[in-house]
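This report describes how two chains of a protein assembly meet. The account starts with the area involved and then turns to the pairings and the parts that supply them.

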Amino acid sequence: MHPVSIPPSGHRLTDEQVLLRDTVRELADARIAPRAADIDRTGEFPEDIRRLLADHDVLGLPFPAEHGGVGGDLLTVCLAIEQIARACTTSSLILAVQDLGSLPLRLGGSPEQLARWVPPLASGETLICFGLTEAEAGSDAAALRTTAVRDGDDYLINGTKRFITNGSVAGLVTVFAVTNPDAPRHRRLSCFVVEVPTEGFRVARLEHKMGIRGSPTAELELTNVRVPAANRIGEDGDGWTLAMRTFERSRPGIAAQAVGIAQGALDAAVDYARQRKQFGQRIGEFQMIGAMLADMDAQVEAARQLLYTACEVIEAGAPDAARWAAMCKLVAGDTAMRVTTDAVQVFGGYGYVDEFPVERMMRDAKITQLYEGTQQIQRLVIARALLGRGD
Amino acid sequence: MPRFWVVGEPNADGSISKLSTEVATLARTLAAAAGGEAVGVVVAAEPDRAAGELAAYLPRVVAVADPGIARHAWSVPAAERVAAVLGDDADGHVLLGAGPDGRDVAGTLAALTGRGVLANATAVRWESRLVVEMGAFGGKLVTSSGFTTPGGIVTIRPNMVTAEPSAAAGVVEGRSPAGDAALPRVAVMDSVEEAGAAAPIEEARIIVSGGRGVGGPDGFELVRELAAELGGAVGATRAAVDSGWIPYSQQIGQTGKIVKPQLYIALGISGAIQHKVGMQTAETIVAVNRDPDAPIAEFADLLVVGDLFDVGRALLVALRERTG
Amino acid sequence: MHIVVLTKPVPDPAAAAERLGPDMRLDRAASPAVVNGNDEYALEAALKLVEAHGGEVTLLTMAPPGGADTMRKALAMGATRGVLVTDPALAGACVRSTDEVLAAALRELTFDLVFSGFDTSDGNAGVVGAAIAARLRLPYLSNAAKIEPEPDAGLVRVRRITPTGYDVLEAPMPALVVCTQVLGEPRYPTLKGIMSARSKEIASRSLADLGLDGARVGGAAATTEVLDSRKPPARGATTVVRGSAAEGAAAIVSLLASRRLI
């Protein structure tokens with residue numbers, strides 16, 4: 001069971017956001033937290049949690065109400081991700097990737113495309129994943145090799161995607177592929193919604209990972225996968241821009257995940273420090289431990305406030321949205337790694353064994369420094385924004 | 001002259017409830033302190049047995065026979081008849097047990113007579129006026145309250161007073177119900193006994209309770225055996241009840257019963273606030289738990305760190321050796 | 001069917017910050033307010049019934065103006081609308097005032113059933129339901145483990161928990177039922193429910209609206225008063241015994257014997 005935690009501050013949130021956040025929090029504490037250790041140990045995708053999130057409209061949060069969603073803004077989606085991640089990172093990824101995978105559609109899809117695909121996504125009955133990364137195109141996303149060649153009214157897609165979260169459980173894959181090999185760098189890609197299973201589409205393998213072990217990370221092979229042109233989002237060559245605009249809104253989601261992991265680790269460490277006695281007193285009263293907890297608390301709150309500000313700024317349409325998205329993800333990811341590592345330290349030997357959750361949280365935290373753009377990529381984005389080079 | 005009315009609750013078999021005898025004892029004490037009178041009222045289709053038993057505790061008991069109550073929910077007609085007996089004694093205080101029936105009568109009577117209500121008292125004294133002690137905020141505070149109106153209604157928790165018969169038995173006055181029954185009576189279509197339903201747990205002197213650590217309905221066998229060996233009742237936390245291991249009637253805590261036994265043995269119970277609220281005023285608290293840092297360690301008298309089944313079975317052996 | 005559910009905002013028990021103010025009344029500013037836990041069971045029962053039989057659920061609360069915010073969560077669970085009786089004169093109101101005010105508010109409504117929770121976490125009295133039923137001359141069915149209305153026949157059947165099992169009660173509607181947790185876990189509000197709650201109506205009623213006199217019904221007319229409060233006596237230190245099961249058992253037996261419990 002989740003320990004009693006420091007009550008979250010809500011002073012910049014609307015009453016509605018507070019209620020939404022608290023509802024997800026209660027759900028996470030009561031129904032998701034008890035499953036977290038098992039999900040990590042078995043490495044099985046938690047279909048029961050997916051259903052739980054769907055049943056409670058959590059998966060509907062990012063989607064417009066007119067298509068069956070809840071119509072939550074960016075901050076609201078992040079509040080939900082944060083609360084779930086506090087309990088279980090893998091579970092939070094279900095919502096985060098539903099958001100990420102559908103962003104190109106929501107940002108650039110036509111009314112027909114929205115009407116067709118958003119309802120099953122909003123209801124949570126269909127999952128969607130984000131098919132950009134390849135073995136040779138991680139940070140260097142423009143170096144994609146997957147191709148989509150026009151064939152009458154269709155495209156034929158060929159290529160292999162790597163490290164695709166939920167790739168084996170999704171019913172829709174947002175695939176980025178080269179359609180214009182000779183165009184300038186950022187006009188070479190287009191974006192397609194591929195309904196799977198389909199002829200030529202195969203889940204080749206799943207990764208065994210350090211953390212987020214219940215989240216299926218898949219290698220997807222596309223061999224002459226036929227996709228109607230109506231499934232292309234936006235125009236030929238819009239892919240790169242769609243991806244960049246997606247990251248502006250999806251990176252805060254990962255920041256939220258990181259803040260949630262860090263808070264969960266902090267809560268566990270505080271609870272432990274309150275109860276564990278050595279040398280005749282609670283260990284929290286030793287200065288070295290107290291100082292660690294104090295630093296952890298301040299850092300988590302700082303990351304949280306930066307995240308909330310970024311959400312507000314991005315939602316308001318700031319021209320430097322990319323910088324804000326990168327900043328909040330950068331700070332939150334590093335905070336999560338630092339705080340979870342310190343949490344293990346507070347627990348001492350017990351922090352190293354799986355009877356307590358912090359070793360899992362530390363393993364889970366690492367990914368927030370790696371995916372959705374490594375911390376190094378985030379720094380590049382921020383530096384370029386500061387130095388004035390549009391990219 | 002201050003008068004303290006005791007509303008006696010008859011059991012299903014016609015005897016007087018144990019809680020009523022406790023309330024009656026309290027009323028006598030108050031009457032003595034106040035220089036007043038303690039009077040019982042028993043309302044039932046056939047009140048004579050209960051009234052006679054209550055008369056062992058009070059100088060005078062009014063027995064109202066209302067055959068129309070038979071096969072109807074008791075509290076509302078009883079409250080009406082009590083209000084009629086109170087008549088114009090607007091200053092009289094009314095004391096009841098704080099069980100489900102007692103509080104139902106208290107509420108109805110409050111509306112009928114305009115009296116205030118102080119509920120779930122843990123102690124009642126007379127200091128020129130009635131002073132009622134109650135726990136507040138999950139037991140964090142003990143408040144002393146009084147009435148601003150002349151007469152008040154007080155419901156008293158079980159086990160706060162030890163029932164003591166008077167030196168001499170009192171008299172029973174039979175009375176027919178006065179006036180019409182104005183409030184609607186609810187028909188009882190059926191009474192169902194459920195297997196495993198135990199005596200009201202609030203009245204138990206000793207309670208052995210099981211929590212999440214018991215692990216399942218089979219685990220409660222040990223809890224039952226220990227309770228039986230000690231002559232006590234079986235209790236449970238909400239977690240155990242929600243998991244279906246034991247009926248809700250045995251649940252102790254914020255959303256279950258509040259108990260004040262002489263001995264509470266908590267097996268596999270962490271002692272979180274929701275449960276603590278239900279049993280923290282027990283005179284002696286013994287806990288068995290694998291976790292030495294469980295919250296119950298803060299307020300138990302004795303914490304045995306260990307597996308509840310190992311310790312529980314060893315305790316059974318040790319107890320049987322004493323009596324054997 | 002139309003079911004009115006009585007709800008009360010109380011200090012959040014989880015925050016554990018309740019305290020009395022200098023006037024010996026509950027200091028409502030000291031903790032965040034939530035819907036009284038037991039009222040949520042009543043509300044859940046009401047929602048399930050209107051889902052099965054069709055109809056609406058109205059919340060009725062007597063509270064300071066902030067009570068509207070607390071009502072939002074209950075509206076988010078699926079109630080249709082709320083009625084908030086609020087008046088400065090009601091501060092410090094006692095049980096008698098509460099049931100008189102709520103009864104007056106109920107007289108303005110048409111309903112099949114009124115549900116109340118078992119008791120409140122900040123007062124625990126649990127008598128308001130019975131008092132309201134008496135004032136309104138409604139059939140009173142308490143300690144409900146199961147509630148089965150038959151709208152066509154205009155009656156309701158309730159299983160009332162008894163020490164040995166349960167009684168099956170039957171009464172014509174409209175009736176008042178006091179609910180228990182056995183009726184079933186309250187649902188979480190769905191997120192859609194939360195979003196739609198903002199547009200649900202909360203009607204406000206003052207004492208004047210209800211034709212009641214604040215001098216007779218408010219805190220000034222309270223029938224009870226808190227004279228004093230203190231912390232309960234601290235328990236002694238805890239003895240912790242580790243070791244074998246036999247040693248633990250021996251320690252228990254020794255304690256029980258020393259206190260003449262065995």
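Chain C and chain B together bury about 6600 Å², and carbon and sulfur atoms account for 58% of that area. The model is a predicted one. On the chain C side 74 residues take part in the contact, and on the chain B side 85 residues.

The table gathers the totals for this interface.

| Item, chain C and chain B | Value |
|---|---|
| Buried area | about 6600 Å² |
| Salt bridges | seven |
| Residue pairs in polar contact (both at pLDDT 80 or more) | 34 residue pairs |

One of the seven salt bridges across the interface joins the side chains of B:Glu133 and C:Arg230, with an N to O distance of 2.9 Å.

Several elements of chain C supply at least two residues each to the side that touches chain B. Among them are the helices α1 (37–53), α4 (128–136) and α7 (245–258), along with strands including β7 (140–150), β8 (155–162), β9 (165–172) and β12 (224–230). The largest share, ten residues, comes from α7(C). By residue class, the side of chain C that touches chain B consists of 42 nonpolar, 14 polar and 18 charged residues.

The two chains also pair through strands. Strand β10 (residues 187–193) of chain B runs antiparallel to β9(C), and six bridges join the two. Within this pairing, B:Asp190 has C:Val168 of β9(C) as its bridge partner.

How values were computed:
Residues are numbered from 1 along each chain as its sequence is written. Chains are lettered from A and ligands numbered from 1 in the order in which they are written. This is a predicted model: local features need pLDDT of at least 70, side-chain atom pairs count only at pLDDT 80 or more; totals for chains, interfaces and linings use all residues. Side-chain values use heavy atoms; hydrogens and water are left out. Contact means heavy atoms within 4.5 Å. Buried area is the accessible area (1.4 Å probe) that two parts lose on being put together, summed over both. A salt bridge is a side-chain nitrogen of Lys or Arg within 4 Å of a carboxyl oxygen of Asp or Glu. A polar contact is a pair of N or O atoms within 3.5 Å; within protein, one must be able to donate a hydrogen and the other to accept it, and residues adjacent in sequence count only if both atoms are side-chain atoms. Helices (H or I, at least four residues) and strands (E, at least two) are DSSP runs, numbered from the N terminus. Ala, Val, Leu, Ile, Met, Phe, Trp, Tyr, Cys and Pro count as nonpolar, Asp, Glu, Lys and Arg as charged, and the others, Gly among them, as polar. Two strands pair if DSSP finds at least two bridges between them.
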